[in-house]
Amino acid sequence: MSGLESLYQQVILDHSREKHGFGLREGEAASSHQLNPTCGDELTLQVHLSEDGATINDVAWEGAGCSISMASASLLSDLAAGMPVADAPARIALFRELMRSKGAGVADDEPLGDAAVLEGVSRYIARVKCAMLAWVALEDSLAQLP
Amino acid sequence: MTVQTLPLDDTAVRRIRSDFPELGALVNGKPLVYLDSGATSLKPTNVLDAERWFAENFTAAVHRGAHTLAAEATEQFERARESVAAFVGADADEIVWTSNATEGLNLVAYAIGNATAGRGGAASAQFRLEPGDEIVVTESEHHANLIPWQELAARTGAVVRAIPVDDSGQVTLEAAAEVIGERTRIVAIAHVSNVTAAIAPVDGLVRLARAVGAFVVLDACQSVPHMPVDLHALDVDFAVFSGHKMLAPTGIGVLYGRRDLLNALPPFLTGGSMITTVTLESAEYLPAPQRFEAGTQRISQAIALAAACDYLSVVGLDRIAAHEHELGARLVDGLQQIDGVRLLGPTDAVARTGLAAFDLEGVHAHDAGQFLDDRGIAVRVGHHCAQPLHRRFGMTASTRASTYLYNTTDDVDAFLDALSGVRSFFGVSA
């Protein structure tokens, strides 16, 4: 697989178009707006929690940007649905480690589910921010929870 | 002087290319196709050599010290100023060294702010802004020719007003006449837009500004490197440009100002080398340009900028402009034949230089740029420091290909050929 094809795997291109979790709605526990000033990519993400506040029911988001930032938000939406709030920081940290791995990957990317297909981004330093956009928005949202 | 109007032929471009070491580079295993000179240009060996030659032979701070090296360095430094002044039709004492064009624009804006605060005595009264005075820019300005004026307005109570561009991204005199009025004190405009490539009607804008007694500040970043520019003939009050966009290193730029205005303007940065008498209470300042050159200067970079001007002059700015005009027309024609391309800027080749920014329907600029980079083709993606203009066109980012004297029609064709495969790669078209 060429560099470009490993960056833009079919599943990534599919997610960039299908955008799972796209669409904001009322009732969020927290939300965050993130902007990548170098390219103008923009994203607002909401966290919707279970009644007891222990589980992420789903993350909803809206935004505009490159295929990497859109696919990453979509993949995060799939991964986060049903995730215990307490588990989220470690997943975000693992994803960040994967993105900063410069192509080396991480020992165990299983906890990232399909989002691990974004590994190819880590070879392109200029694009890591694109992939991180939604994850930073989730991190920021969780930090606002009581 | 004979005026050459013939564009560069293939042999001439081949010879030019051999002077640019980076043009031999492989990027992602492909020969580099460099179409990002609008952001920063490649450097020829004579420029690189000039900087090294200076550093190896004349290391000394200028305008201070009496030893031989200091005197020789000062001599070289001032000779560079004369060369650069001649290159843009100005006199040497009208040329102020800056780090880049951005610093030049900030220098003017802060100096006017200082005048408004009462600095500079009677001579600077002409620059003082009153609340409600207007600073006029255009909708297509680079952020560097917008934000310093926003900040100046916020400090003084002046108001920034923008001349809207038309649907092709051009500034028309009709639109300008609607905005430039009796409260206008400053008109700050780009000579050539870094996004649309449109050449502004500077003569008409200067007339409109003169009629209401406003100063004209010209952002010449995208004109001075690419076409003959005579600042005296343009009759602007201030102008800025950056060395790194015209074959010189980063860290050197120029502020031009009319002699009487520069000498009436209070300083921006203060410190060593810009003074006559200093006491513990106050200081008196040298005339321009030294009053704007506080601290040890970018000396070897200035020498290198003069070498860059020499290089461009030997090739001939009129021939470079004609060459880029051809490449620009080829770019625009080719882009219009690719499905989903929406060009930002005029399609009329007469009104534009050799760059083209565009939107590719269904594909984000970053993705298009990544695809091109994989083929060794370097273009700019993003908002090109012109967010308001992109907003005007209803987008956040575009892709820009920009040419220079060392680009060939093959470069343009390689870019167009690669670009035509982008939408199908991303699954947007069959």
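Biologist: What classes of residue make up the lining of the largest cavity?
Modeller: In this predicted model, the lining of the largest cavity has one nonpolar, five polar and two charged residues. The residues themselves are V62(B), H63(B), R64(B), S273(B), Q290(B), E293(B), G295(B) and Q297(B), and about 50 Å³ of space lies in that cavity.

Biologist: And how many cavities of 30 Å³ or more are there?
Modeller: The count comes to two cavities of 30 Å³ or more. About 40 Å³ of space lies in the second largest cavity, and its lining has one nonpolar, seven polar and one charged residues.

Biologist: Which residues line the second largest cavity?
Modeller: The second largest cavity is lined by G38(B), Q222(B), H226(B), E324(B), T353(B), G354(B), L355(B), S402(B) and T403(B).

Biologist: Let's switch to pockets. Which residues lie nearest the centre of the largest pocket?
Modeller: Nearest its centre lie G65(A), C66(A), G362(B), V363(B) and H364(B), out of the 24 residues that line this pocket. About 450 Å³ of space lies in the largest pocket, and its lining divides into 11 nonpolar, eight polar and five charged residues.

Biologist: Which element gives the largest share of that lining?
Modeller: Helix 2 of chain A does, with three residues. Among the elements that give two or more residues to the lining are also strand 3 (56-64) and helix 3 (67-80) of chain A, as well as strand 14 (355-360) and helix 12 (365-374) of chain B.

Biologist: New topic, the largest nonpolar core: which members touch the most others?
Modeller: Of the 84 residues in that core, V236(B), L405(B) and Y406(B) touch the most other members. Helix 10 (residues 299-315) of chain B gives the most to this core, namely 12 residues.

Biologist: Why does this core lie between domain 1 and domain 2 of chain B?
Modeller: Because domain 1 (10-44 + 316-425) and domain 2 (49-313) of chain B both give residues to this core, it lies between them. A second, separate core of 76 residues includes A115(A), F358(B), F371(B) and L419(B).

Biologist: Back to V236(B), what is it in contact with, leaving aside neighbours within four places in sequence?
Modeller: V236(B) is then in contact with V202(B), V206(B), R210(B), V216(B), L218(B), L231(B), Y256(B) and R258(B).

Biologist: And what distance separates the centres of domain 1 and domain 2 of chain B?
Modeller: Taken over C-alpha atoms, the two centres are separated by 28 Å. The contact between these domains takes 40 residues from domain 1 of chain B and 36 residues from domain 2 of chain B.

Conventions
Residues are numbered from 1 along each chain as its sequence is written. Chains are lettered from A and ligands numbered from 1 in the order in which they are written. This is a predicted model: local features need pLDDT of at least 70, side-chain atom pairs count only at pLDDT 80 or more; totals for chains, interfaces and linings use all residues. Side-chain values use heavy atoms; hydrogens and water are left out. A nonpolar core is a set of buried Ala, Val, Leu, Ile, Met, Phe, Trp, Tyr and Cys residues joined through side-chain atoms within 4.5 Å. Buried means under 20% relative accessible area, exposed over 50%, partly exposed in between (1.4 Å probe, protein chains only). Helices (H or I, at least four residues) and strands (E, at least two) are DSSP runs, numbered from the N terminus. Domain bounds come from an automatic or database domain assignment. Contact means heavy atoms within 4.5 Å. On a 1 Å grid over the protein atoms alone, a cavity is a set of points where a 1.4 Å probe fits but cannot get out, and a pocket is an open set with protein on both sides within 12 Å along at least five of seven lines; lining residues have an atom within 4 Å of a point. Grid points are joined across faces, edges and corners, and a volume is the space filled by probe spheres set on the points. Ala, Val, Leu, Ile, Met, Phe, Trp, Tyr, Cys and Pro count as nonpolar, Asp, Glu, Lys and Arg as charged, and the others, Gly among them, as polar.
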